[in-house]
Amino acid sequence: WDTNGILTLQTGLPFTPQLQTSVSNSGGSRPNRNGSGKLDNPERALWFDTSFNTSGAVWSVPQQFTYGNGGRNILYGPGRVNFDWSLFKDFSPSESWRIQFRAEFFNLFNTPQFALPNPTIGNPSAGVITSTIGNNRQVQLGLRLSF
């Protein structure tokens, strides 16, 4: 019997917050950043601080016809964990024949991999993660005959 394993650990991907309504007169606008926007314990229902245009809010609207000071890729989405594993065995019923049995498991522990949150400041669903990416657990069995 032989086995293989691949463990993949990734930090979250960066993303850029954007305003729901453009004020720069050139397409998408970025908000002004008044704080970090990061939460100590983010959840799928609120991944980053979305407080907007109130006293002490992290985000605010920049002046008309200007770009906000919120930088590009300043926030990070959820990280990802994936474990792929395979098990296989070679059998030789005769000198000229060889049979190999394979069992392959992709995302063995069925760990959910969440997409980036909604980055649109001013939108009611800002900061909410609504989907997953990647595949759920997949199992693949194979039998190979070599002669």
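Two rings of Phe, Tyr or Trp count as an aromatic pair if their centres lie within 6.5 Å. With that in hand, here's a quick look at this predicted model: the structure holds four aromatic pairs, and there are two salt bridges to go with them.

**Aromatic pairs**
- Of the four aromatic pairs, one is made by F15 and F48, whose ring centres sit 5.6 Å apart.

**Salt bridges**
- Side chains of opposite charge can pair when their charged atoms come close.
- One of the two salt bridges joins R98 to D90, at 3.8 Å from N to O.
- R98 is partly exposed, with 35% relative accessibility, and D90 is partly exposed at 35% too.
- The other bridge links R102 with E104, with 3.2 Å between N and O.
- Here E104 is buried, at 15% relative accessibility, because the cut-off for buried is under 20%.
- R102 comes out as partly exposed, at 26%.

**R102 and a ring**
- Besides its salt bridge with E104, R102 has its charged end over the ring of F88, 4.6 Å from the ring's centre.

Conventions:
Residues numbered from 1 in each chain as written. Predicted model: local features only at pLDDT ≥ 70, side-chain atom pairs only at ≥ 80, totals over all residues. Heavy atoms only, no water. Salt bridge = Lys/Arg side-chain N within 4 Å of Asp/Glu carboxyl O. Buried < 20%, exposed > 50% of the residue type's maximum accessible area, 1.4 Å probe, protein only. Phe/Tyr/Trp six-rings, centres within 6.5 Å; stacked < 30°, edge-to-face > 60°. Lys NZ or Arg CZ within 6 Å of the ring centre and 35° of its normal.
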